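Subject: Structure for your review

Dear colleague,

Please find below the structure that I am handing over to you. My findings follow directly after it.

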Amino acid sequence: MLKKLATTTALLFSLGSIASHAAEKIVFAIGGTPNSLQGQTAQEFTNKLQARLGDKIKVEYYDSGQLGDERQLIQKLRLGTVDLAAISSIMSSVAPEFALFDMPFLVKDRQHLKRIDDEIVMKDLAADASKKGLHIVSTWENGFRQITNNSRPINTPADLQGLKIRTPQSEWRTLMFSTWGANPTPMAFSELFVALQTGVVDGQENPLSNINGAKLQEVQKYLSISNHVYSPIWLTASENGWNKLPTEVQNAIREVAAETQSWSFAKGESLDKSLLDNMTQAGTQINQVDRQAFIAASKPVYAKFAEKVEGGQQLVDRAMALAGE
């Protein structure tokens with residue numbers, strides 16, 4: 001306790017000494033809704049970071065795409081109008097190596113993800129992002145992704161034939177669903193509820209926390225548990241913006257982000273069960289997909305990744321080797 005108090009006191013003292021150089025605020029934005037795991041994690045981070053920084057620097061937090069979707073947030077990071085943002089699937093549009101996490105059925109569980117994060121993300125992929133001007137601070141959880149639609153239960157890829165499925169604005173997710181026979185329709189998450197409600201798309205794929213947070217079950221009849229992708233989300237700054245922050249502030253952000261990672265993994269695990277119960281009670285028809293049928297149908301996606309991304313096959317092999325028993 002005394003050690004923690006001394007650390008906090010030292011941080012506040014150093015912040016006071018650099019006040020003339022520090023920004024008066026840190027602007028942090030996400031595209032997700034407050035009730036999604038992304039939103040809950042971001043709020044947890046905001047609260048802890050504000051407590052760590054005290055009243056020297058204000059942490060301004062915006063959710064629900066108030067400052068733009070993730071593509072726009074990346075641009076605002078580079079322009080310096082946003083300091084921190086949570087970026088998910090579209091990170092592969094910045095550095096193609098991040099499409100590793102768009103490979104279907106790659107991540108076994110959260111323990112596997114943590115090993116991939118330690119050995120591959122923070123050592124290699126972060127360097128790839130840095131070359132494109134983005135600084136990866138930490139990896140949080142978006143969750144295991146499931147499929148919903150209004151037409152029928154999805155048991156095998158054949159059941160997706162011809163369905164218009166909203167995907168993130170990621171070439172790999174669209175390739176995955178087109179390979180499985182669907183008609184993928186990329187769009188911003190903020191547009192999804194109305195698109196489902198009006199029939200612009202038949203279905204979508206997202207973690208349960210995103211589905212529940214945006215109340216998509218109100219406009220979707222069927223939920224098919226596929227766990228087809230584990231979707232991380234990266235707390236991201238621009239390299240220029242990060243380098244302008246005082247060292248003490250950088251350290252505070254890193255430490256709080258690491259604490260938040262552990263919180264997000266534990267929260268995601270607990271939400272997997274509770275949200276499934278909620279959707280069952282709401283009358284959503286739920287089924288488990290034929291996992292082996294989907295894995296077999298996914299081979300072309302892996303082949304394309306190995307062909308298109310330099311070192312792609314090695315990345316896949318390294319990630320799979322970290323799965324453990």
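Phe101 is buried, with a relative accessible area of 5%. Please bear in mind that this is a predicted model. Phe101 belongs to the loop that runs between strand E3 (84-87) and helix H4 (110-131). Beyond its neighbours within four places in sequence, Phe101 is in contact with Val107, Leu113, Ile116, Val121, Leu125, Val229, Tyr230, Pro232 and Trp234. Phe101 and Ser231 are 130 residues apart in sequence, yet their C-alpha atoms are 6.6 Å apart in space.

The largest nonpolar core has 41 residues, and Leu100, Phe101 and Phe305 are those with the most contacts inside it. At least two residues of this core come from each of the following elements: strand E1 (25-29), helix H3 (70-79), E3, H4, strand E4 (134-149), strand E9 (230-238), H11 and helix H12 (312-321). H4 gives the most to this core, namely seven residues. Another core lies apart from it and has 24 residues, among them Ala42, Leu53, Leu84 and Val256.

**Ala42**

Ala42, one of the residues of that other core, has its place in helix H2 (residues 37-53). Its relative accessible area is 0%, and Ala42 is therefore buried, the cut-off being under 20%. When neighbours within four places in sequence are left aside, the contacts of Ala42 are with Phe28, Ile30, Tyr61 and Trp140. Of these residues, Tyr61 is 19 residues from Ala42 along the chain, and 8.3 Å separates the two C-alpha atoms.

**Helix H5 and its packing with H11**

Helix H5 (residues 171-179) packs with helix H11 (residues 299-308) at an angle of about 145 degrees, and the two axes are 9 Å apart. The crossing of H5 and H11 is right-handed. On the side of H5, the contact is made by Glu171, Trp172, Leu175, Met176 and Thr179; on the side of H11, by Pro300, Val301, Lys304, Phe305 and Lys308. Sorted by class, this contact of H5 with H11 comprises six nonpolar, one polar and three charged residues.

Within H5, the residues Trp172, Arg173, Thr174, Met176 and Phe177 are buried. The buried residues of H5 pack against H11 and also against E4, strand E5 (164-167), strand E6 (183-186) and strand E7 (203-207). Gly181 follows H5 and has a positive phi, near 105 degrees.

**Helix H12**

Which residues of H12 are buried? They are Gly312, Leu315, Val316 and Ala319. These four residues lie on the same side of H12, because they cover an arc of only 95 degrees around the axis. In an α-helix there are 3.6 residues a turn, so residues three or four places apart point the same way. H4 and H11 are included in what covers the buried residues of H12. The face of H12 turned away from its buried side carries Gln314 and Ala321, which are exposed.

With kind regards

Note on methods. Residues numbered from 1 in each chain as written. Predicted model: local features only at pLDDT ≥ 70, side-chain atom pairs only at ≥ 80, totals over all residues. Heavy atoms only, no water. Axes fitted to C-alpha atoms, helices over the stretch in contact; angles between N-to-C directions. Left-handed = near helix turned anticlockwise from the far one by under 90°. Contact = heavy atoms within 4.5 Å. Nonpolar A, V, L, I, M, F, W, Y, C, P; charged D, E, K, R; others polar. Buried < 20%, exposed > 50% of the residue type's maximum accessible area, 1.4 Å probe, protein only. Core = buried A, V, L, I, M, F, W, Y, C linked by side-chain atoms within 4.5 Å. Arc of directions from axis to C-beta.
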